[in-house]
Amino acid sequence: MRRLLALAALSLGLALAQSSGALSIRFLDVGQGDAVLVTSPEGKSLLYDGGRSEPVLQALLRQYGVKSLDLVAASHADADHITGLIPAINLYKPRFFLNNGIAGTTQTWGKLVTAAQKAGTQGLVARDQVINLGSVKITVLPPPPGLPKNEQNLNSIGLLVQYGSFRALMTGDSETAETAAWLKKYPASFLGPVDVYKSIHHGAKNGDNLAWLNAVRPRNVVVSVGPNNYGHPTAEALALYRQVGATTYRTDQQGTVTVVVQPGGRFAITTERGTPVPANRATTPATPAPVGPSVTTPAPPSYRTCAEARAAGAAPLRRGQPGYNPATDRDGDGVACE
């Protein structure tokens, strides 16, 4: 483990290959947890977090035809983020394991480190650096200094993914203290706007906040969430995403969310199931029918005598006409008040 955490100064520069393909980013449906698979146009792959289930993550990697992984990254050492990295490392033996440099205290962390050592995967402690994943630029946002080292969430690693004009941002389970420190460190023009943003901490109350989102300016938010007892995603978080005008996708409702980015930055978002409901569109009440002057259907005219009919200019009246009264049709020929 010491060896894994000591390799802090390495730079990962993957060879740039010529390709006309697209970048894909899959926010995998791993239940309550995070797992994001990034595949460059050249086929270079990065797995950012792995969810809380080894079998689930392993099945998803096979489902999406992953042949190799170049880099795995743990936003922090909580089990719902790192458990799936264990089979990923066992299966694909990636070159590097990016982490925050703070060893976890769980058996899951121990298994992960052991797997990395057996696979020959080198540890890479997050620092200010850029990783070239083929033609995709990955900018690492390391945990700011001065935050308590016994708080994994506060030391989450952020990744900014750029391909052409496209930008995506993922920030693990960061809390307000970490995002506030990043706001002091990075200009708003660096943080945002982003086309796709992974919701912090599955939409928890202590994750996203308005100051942070006003800098990030996300167009689309993906909440990686599953059945849970925490109330994730919270109504407060969803309201924030609406407030900043973002469309929200949820893996518990839409399954895996896939973003495909073409050269130049044009992108499309698809979901595994269901129709996403844009969260930036508040429920629109049904458009009320225009209100105009009330119209009352007039009662048919009724003439008790021919004098009344003549006074109204209605005489003569034929049978079937409004106002025809058989009592005024004395000869019964069908014409009244002749």
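In what order do the 8 strands of the open sheet run?

## Sheet order

The 8 strands follow the order β6-β5-β4-β3-β2-β1-β14-β15, with mixed pairing. At the edges stand β6 (122-125) and β15 (267-271), each of which pairs on one side only. Neighbouring strands are turned by 15° against each other on average, direction ignored. Strands are DSSP runs (E, at least two residues), as are helices (H or I, at least four), numbered from the N terminus; two strands pair if DSSP finds at least two bridges between them.

## Basis of the model

This is a predicted model, in which local features need pLDDT of at least 70 and side-chain atom pairs count only at pLDDT 80 or more, whereas totals for chains, interfaces and linings use all residues. Residues are numbered from 1 along each chain as its sequence is written, and side-chain values use heavy atoms, leaving out hydrogens and water.

## Strands β3 and β4

Strands β3 (residues 45-48) and β4 (residues 71-73) pair in the parallel sense over 3 bridges. Within this pair, Leu47 stands opposite Val72 in β4.

Ser174 lies in the loop between β10 (166-170) and α6 (176-185). Ser174 is buried, with a relative accessible area of 0% (buried means under 20%, with a 1.4 Å probe and protein chains only). Leaving aside neighbours within four places in sequence, the residues in contact with Ser174 include Asn153, Trp182 and Asn206 (contact means heavy atoms within 4.5 Å).

The side chain of Ser174 reaches the backbone oxygen of Thr171 at 2.7 Å.

Conventions: Buried means under 20% relative accessible area, exposed over 50%, partly exposed in between (1.4 Å probe, protein chains only). A polar contact is a pair of N or O atoms within 3.5 Å; within protein, one must be able to donate a hydrogen and the other to accept it, and residues adjacent in sequence count only if both atoms are side-chain atoms. Axes are lines fitted to C-alpha atoms, for helices over the stretch in contact, and angles run from 0 to 180 degrees between N-to-C directions.
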